[in-house]
Amino acid sequence: MFTNKNTSESLAPSSESTTLVAAGTELRGDLNFSGSLEIQGSIVGKIVGDDETAQIRILNGGSVLGEIWVPNVIVNGLIEGDIYASKHIQLAAKAKVEGTIYYSSIEIERGADIGLSLIHISEPTRLRRIS
């Protein structure tokens, strides 16, 4: 979906299971997952990736209202909340993000709308959630 010669490998779907929140679907509450999560609909609540290879993709038209705690994050939709990406985050051209991004590695494409703070994590480590 978002590919170019430099980043196509990092954007490939995980070889593990993929969970899809389809367009027109709204989930309310916290969501824990492993593998890959693709959001075309909307989620209101905290999203947590349960392993270091977890990846979330918020596609164009998808939205999240709440915190995201996932090592690898790709955004081309709307996020209102803080993002904790311990490995890599990509903000694609149609991304709109309001919140703070905690990141180890970041990529921002032209056109991304970011009204937020960026905080660099010096080493890619698992961020700890505070309940």
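This is a predicted model: local features need pLDDT of at least 70, side-chain atom pairs count only at pLDDT 80 or more; totals for chains, interfaces and linings use all residues.
Figure 1. Because Arg57 belongs to strand β7 and Glu38 to strand β4, the pair ties together parts that lie 19 residues apart in sequence.

Figure 2. The side chains of Lys96 and Asp113 meet at 3.2 Å, N to O, in a salt bridge. This pair links distant parts of the chain, with Lys96 in strand β14 and Asp113 in strand β16 (residues 113–120), 17 residues apart. Lys96 is partly exposed, its relative accessible area being 35%, and Asp113 is also partly exposed, at 36%.

Figure 3. Glu26 is partly exposed, with a relative accessible area of 45%, whereas Arg28 counts as exposed at 64% relative accessibility.

**Figure 4. The open sheet of six strands.** The strands follow the order β1-β4-β7-β10-β13-β15, and their pairing is parallel. At the edges lie β1 (18–21) and β15 (106–108), each of which pairs on one side only, while the twist from one strand to the next averages 10°. Strands β13 and β15 pair in the parallel sense over three bridges, and within this part of the sheet Ile89 has Ile106, in β15, as its bridge partner.

**Figure 5. The largest nonpolar core and the surroundings of Ile68.** The largest nonpolar core holds 24 residues, of which Ile39, Ile47, Ile56, Ile68, Val73 and Ile83 touch the most other members. Two or more residues come from each of β4 (36–39), β7 (55–58), β10 (72–75), β12 (83–85), β13 (88–91) and β14 (96–103), and β14 gives the most, with three residues. When residues up to four places away in sequence are not counted, Ile68 touches Ile47, Ile56, Ile58, Val73, Ile79, Asp82, Ile83 and Tyr84. In soluble globular proteins, nonpolar side chains tend to be buried together.

How values were computed. Residues are numbered from 1 along each chain as its sequence is written. Side-chain values use heavy atoms; hydrogens and water are left out. A nonpolar core is a set of buried Ala, Val, Leu, Ile, Met, Phe, Trp, Tyr and Cys residues joined through side-chain atoms within 4.5 Å. Buried means under 20% relative accessible area, exposed over 50%, partly exposed in between (1.4 Å probe, protein chains only). Helices (H or I, at least four residues) and strands (E, at least two) are DSSP runs, numbered from the N terminus. Contact means heavy atoms within 4.5 Å. Two strands pair if DSSP finds at least two bridges between them. Axes are lines fitted to C-alpha atoms, for helices over the stretch in contact, and angles run from 0 to 180 degrees between N-to-C directions. A salt bridge is a side-chain nitrogen of Lys or Arg within 4 Å of a carboxyl oxygen of Asp or Glu.
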